[in-house]
Amino acid sequence: MSSVEEGDLIVRREGAAGVIRLNRPKAINAMTLEMSEGIDAALDKFEVDPEVAVIILEGAGDRGLCAGGDIRGLWESSREGGDLGARFWRQEYVMNARIAKYPKPYVAFMDGLVMGGGVGLSGHASHRIATDRTKLAMPEVGLGFFPDVGGTWLLSRSPGEIGTYFGLTGQTMNGPDAIHAKFADAVVPAAKWPELRAALTKVREGVTAADVTKLINGVATGETSGPVAAKEPIIDALFGFDRMEDIFGALKRDGSEFALATLKTLNEKSPRGMVVTLKLLRLARSASSLEQCLVREYRAALEVFRSDDFREGVRAAVIDKDRNPSWSPPRIEDVTPQMLARYFAEIGADELKFN
């Protein structure tokens with residue numbers, strides 16, 4: 001076992017596995033810019049190490065893989081007119097694209113909470129393992145933001161309007177629903193992870209993706225859909241629109257318990273965040289690549305970073321925790337085309353570029 005780094009990120013080789021462990025358990029492994037850069041460096045090292053046949057991504061502690069990015073740090077930089085958002089998201093998004101194309105099997109253990117940036121680290125992996133404890137979500141609209149880290153690519157490829165529903169409501173997926181929504185590949189009971197992990201450290205050089213899949217399937221439950229998947233017909237009917245006003249109208253007309261509960265959830269979200277998210281999701285449906293979605297997300301993220309809505313959303317959810325944000329504007333009807341256009345405008349020399 002060779003250890004490279006201890007601290008917020010633990011990087012080491014265990015047998016044939018290059019292990020990347022997020023190590024901020026008290027913060028549910030929320031990711032900082034330095035951690036993201038460290039992961040990139042680890043991927044550089046493991047890619048050329050002939051003794052590393054497979055990558056294992058995991059989180060320290062028992063609460064989750066990763067609860068997202070270091071929102072507090074981004075909030076402070078946004079308030080001060082800093083550039084942490086531009087630097088953090090540029091690093092993170094380029095890495096998300098890299099993970100999707102990584103040449104060695106990359107196994108993400110998606111136990112416990114997996115949110116926001118945690119989805120970026122795991123949702124593009126070649127092998128995505130959910131567990132009986134997985135709680136996966138893209139709750140960014142509640143922060144005046146939108147599902148980023150390639151989230152618009154993933155959500156737009158969920159069946160029917162399931163991705164639209166999860167992206168706009170921020171609702172949580174369990175393991176089987178994460179498979180149905182195409183965010184995960186298999187459910188493995190958390191109790192079986194040590195056995196599977198040990199097997200992964202013992203694979204031979206030249207192991208293929210199919211070999212790793214066979215190992216995972218040997219301990220997987222075979223579940224492929226959860227409680228939200230069962231609601232897909234009603235979700236498709238209520239969320240199959242390109243305007244937020246039409247989705248709200250459909251929910252009000254339906255009047256079922258599910259529709260009214262969903263309406264209540266959406267009424268708590270940022271109107272601007274919802275409108276931006278829906279447009280990004282619809283554009284993502286015709287995108288030809290993850291990179292295309294990430295370029296679009298980066299443009300929108302820079303505008304979010306400058307917005308009062310983001311600072312207010314983080315204040316209400318993370319800083320003061322009063323859960324009572326004052327959104328600007330307060331209604332979806334007040335989100336003007338001019339306001340929206342800023343999130344989608346080209347940004348010249350600042351455009352996201354991939355290595």
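Let's start with Ser 36. Setting aside neighbours within four places in sequence, Ser 36 contacts Met 31, Gln 91, Glu 92 and Met 95. Keep in mind that this is a predicted model. Ser 36 sits in helix 1, residues 33-48. Buried or exposed? Ser 36 is buried, because its relative accessible area is 0% and the cut-off for buried is under 20%.

Now the hairpin. Strand 2 covers residues 9-14, and strand 3 covers residues 17-22. They pair antiparallel, over six bridges. Ile 10 faces Arg 21 of strand 3. Two residues lie between the strands, and Gly 15 has a positive phi near 60 degrees. Strand 2 is mostly covered, with five of its six residues buried.

Next, a helix pair. Helix 11 is residues 244-254, helix 12 is residues 257-267. How do they pack? At an angle of about 145 degrees, axes 8 Å apart. The crossing is left-handed. On the helix 11 side, the contact is made by Met 244, Ile 247, Phe 248, Leu 251, Lys 252 and Asp 254. Helix 12 brings Ala 259, Thr 262, Leu 263, Leu 266 and Asn 267. By class, that gives seven nonpolar, two polar and two charged residues.

Last, helix 14, residues 290-305. Sixteen residues at 1.5 Å each should span 22 Å. The end C-alpha atoms are 22 Å apart, so expectation and model agree. Where does this helix sit? It is largely enclosed by the rest of the structure, because 15 of its 16 residues are buried.

That's my tour.

Notes:
Residues numbered from 1 in each chain as written. Predicted model: local features only at pLDDT ≥ 70, side-chain atom pairs only at ≥ 80, totals over all residues. Heavy atoms only, no water. Helix = DSSP H or I, 4+ residues; strand = E, 2+ residues; numbered from the N terminus. Expected span 1.5 Å × (residues − 1). Buried < 20%, exposed > 50% of the residue type's maximum accessible area, 1.4 Å probe, protein only. Contact = heavy atoms within 4.5 Å. Pairing = 2+ DSSP bridges. Axes fitted to C-alpha atoms, helices over the stretch in contact; angles between N-to-C directions. Left-handed = near helix turned anticlockwise from the far one by under 90°. Nonpolar A, V, L, I, M, F, W, Y, C, P; charged D, E, K, R; others polar.
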